[in-house]
Amino acid sequence: MVHFVGAGSGAADLITVRGQRLLREADVIIYTGSLVNPELLNEKKPDCVCYNSAHLTLEEVVALMRQAHAQQKETVRLHTGDPCLYGAVREQMDALDALGIAYDDTPGVSSFCGAAAALRMEYTLPGVSQSVIITRMAGRTPVPDQESIERLASHQATMVIFLSAGMLEELAARLLAGGYAPDTPAAIVYKATWPEEETYVTCVRDLAETAAAHGIAKTALVIVGKTVAQRGYTRSFLYDPSFETGYRAAGVPQPDYIEKKGKLYVVGIGPGAREMMTQQAIRALEKSSVVIGYTTYIDLIQEYFPGKTFLSAPMRQEVSRCELALRTAAQGTVAAVVCSGDGGVYGMSGLILELAQQYPQVEIEIISGVTAATAGASVLGAPLMHDFALVSLSDWLTPWEIIEQRLRHAAQADFVICLYNPSSKSRADYLKRACAVVLEWQKPDTVCGIVENIGRNGQAARILTLEALRDTAVNMFTTVWIGNSKTKVIAGKMVTPRGYRLQSGMGNGVSADE
């Protein structure tokens, strides 16, 4: 007899008990060697003969089954995941039917289930999506026209896309053409449940870029839909106290509190060097089992905290990064999200507090850090001694028109202005545009300063005029200070006087307010 057995999604211990028993009893095992975990073959009998079907045609596979049947041997045809999904199992069964050879089918854990487990997600969230579409891109194996990615995407349900990791640019284009918004949450799961499993939460627009950044071109599933974010859902009726079932009456009193089971620190790590981190930040990271953050920030601190689990994600994945941190803490873990500088200054503190409403069991503690404005100011001298404004030139979340308006008002009010995110590949001229706005109110010789790689290797500072700053090239690791009408250079340092009246011949003074 031939036994079709689903090997599961990858981990050897995810095969079913029945599947494991059949492997132990088999005389012949024909397995998909390119996909099935070889550890499963450790279950075979010493005299069992194994064949790797990755090197065989359908006719050769059937010939081996026929030969084993003639010799009255038990055969296991071991498929990855579950044979019913992209397993080419029907054609084998038809061949066995034609030969009069009996067979049965033992299901396995599909990789789409393993992927959900890896992401700790539920595919069918009430109020978000109640359907899961399992499909693939057309390749050498065609897909019926009515099942094109575009047509299926029009349903806006959760989609799990197999066998398409090498075509993500085209996949994203088709998903967008079908109606998904560019920022629709998406995930890439590489080798779900294998030891080398990798998960990346991104959005439809950035699918190809995310895969390329991590060298993923095959053996990965793509999951698309609002359920990837795991938020915005309504509570199900399954355990709702107001919902009566055959086993539970409605209206059972519920506790008026929720026990805090996990803790999440939001940690400002300062510019990056350990000596510029606060003791409170260091203690919080030492207490945390898992540390989550933007890849660059994790790289800055990882060597200082051995033995921790570090989870990183590239830029523009802030929501998914924070949700991962909250889900991790919700499991009863002490976790930390790290932010450069201070988490409350263009960091993750606000987003964490917004998302934490879905995780009432998680205690949140925010740990402040030294932000770039003050860290860089100390390198330049004392440019922030009087009123100042912080403005980010990134238009990722704020339209340029609003940024320009804020700059104009700050310049008109004679604030010292500190600029974050002054440039990037897609915003190469934004600093020049910002200087042009400020020059409407400030003089060309206004004292300005720039500091690159604050508190890190390669730190460099420069004091220059506003006119010179306008034509200066900077990068994303640079912070910029534009002085006010009183800012001056004293002994090579940028200083904005507070207004203290210095007594003649003395180094100390009396405040103008006193």
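1. The face of helix α8 turned away from its buried side carries Q279 and K287, both exposed (over 50% relative accessible area; buried is under 20%, partly exposed in between, with a 1.4 Å probe and protein chains only). Helices (H or I, at least four residues) and strands (E, at least two) are DSSP runs, numbered from the N terminus.

2. The model is predicted: local features need pLDDT of at least 70, side-chain atom pairs count only at pLDDT 80 or more, and totals for chains, interfaces and linings use all residues. Residues are numbered from 1 along each chain as its sequence is written, and side-chain values use heavy atoms, with hydrogens and water left out.

3. Helix α8 spans residues 279-287, and its buried residues are A281, I282, A284 and L285. Seen down the axis of α8, these fall within an arc of 160 degrees, so they line one face of the helix; the arc is that of the directions from the helix axis to the C-beta atoms. Their cover includes β11 (262-268), β12 (290-294), α9 (295-301), β14 (334-339) and β15 (362-367).

4. T227 lies in the loop between β10 (220-224) and β11. T227 counts as buried because its relative accessibility is 0%. The side chains of T227 and T158 are joined by a polar contact of 2.9 Å.

5. W396 sits in the loop between β17 (388-392) and α13 (400-412). With a relative accessible area of 33%, W396 is partly exposed. Leaving aside residues up to four places away in sequence, W396 touches R205, R316 and E318 (contact means heavy atoms within 4.5 Å).

Note on methods: Polar contact = N/O pair within 3.5 Å; in protein donor to acceptor, adjacent residues only side chain to side chain.
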